[in-house]
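Have the sequence and the 3D view ready as you read.

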Amino acid sequence: MDQGEGGAAMRLEKITTNKVKVFLTLDDLSERGLEKDDLWNDSPRVKQLFRDMVLEADEVLGFKVEGYLSVEVYALPAQGMIIHLSSEEAPCSFEEMDEDVLELEITMDERPEMLFEYRSFEDIIQLAWRLYDSGITGGQLLFHKERYYLYFHKAETAALSEDTFIAVMSEYGEPSTISYTLLKEYSSRLVNENAVSEIVSYFSR
């Protein structure tokens, strides 16, 4: 379907009958003429973004808004945005609300985490040496559904600027669309802490 200005794709996941999760990368936002900080503003463009999400969630997942729309935005430094859309009871339905009176209850949360996924362990080894040479030794290494994941709390990446860290991490893999919360529950933890230093201690260049 037409997904609004810019045509950026949305990745959708049904959480419950009245709640869905939407993942948007920073590139997705850019294609719509938006930046991360714009979501804090109650502008027509932001409202249209949320309306597009609801329409897409209805078409793909059968998500219906019976009342007003509650929006929780979780900003991830590297990946983009995880957005939870919840249908809350109200006297009138979503369909009866025009763009000017659409009520949004928006909650913002900046999550200090960096999570990237990789296809091969060789990529992990090469990346670990790059990070180690830059003064980064921490992180967790996880495995889930044939993919390796490196997770860092933002404080563990202080030896590099955020942009440089993301650029290095992206050379070997890509930002994960799976949340760390899900990985903690379902993945195999290969290294619980100091993953970079552990990897370089076992694997030479």
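This is a predicted model: local features need pLDDT of at least 70, side-chain atom pairs count only at pLDDT 80 or more; totals for chains, interfaces and linings use all residues.

Residues are numbered from 1 along each chain as its sequence is written, and side-chain values use heavy atoms, leaving out hydrogens and water.

Here are the two pairs (helices are DSSP runs of H or I, at least four residues, numbered from the N terminus; axes are lines fitted to C-alpha atoms over the stretch in contact, with angles from 0 to 180 degrees between N-to-C directions).

| Pair | Angle | Axes |
|---|---|---|
| α3 (residues 121-133) and α4 (residues 162-172) | about 155 degrees | 9 Å apart |
| α3 and α6 (residues 195-202) | roughly 115 degrees | within 9 Å |

Take α4 to begin with: its angle of about 155 degrees to α3 makes the two roughly antiparallel (over 145 degrees). The crossing is right-handed, meaning the near helix is turned clockwise from the far one by less than a right angle. On the α3 side, D123, Q126, L127, R130 and L131 meet F165, V168, M169, E171 and Y172 of α4 (contact is heavy atoms within 4.5 Å). That contact has six nonpolar, one polar and three charged residues.

Now for α6. Helices α3 and α6 are roughly perpendicular (65 to 115 degrees), and α3 passes α6 in a left-handed crossing, so the turn is anticlockwise. Here I124, I125, A128, W129, L131 and Y132 of α3 touch V196, S197, I199 and V200 of α6. This contact divides into nine nonpolar, one polar and no charged residues (Ala, Val, Leu, Ile, Met, Phe, Trp, Tyr, Cys and Pro count as nonpolar, Asp, Glu, Lys and Arg as charged, the others as polar).

Definitions and conventions: Angles under 35 degrees count as roughly parallel, over 145 as roughly antiparallel, 65 to 115 as roughly perpendicular and the rest as oblique.
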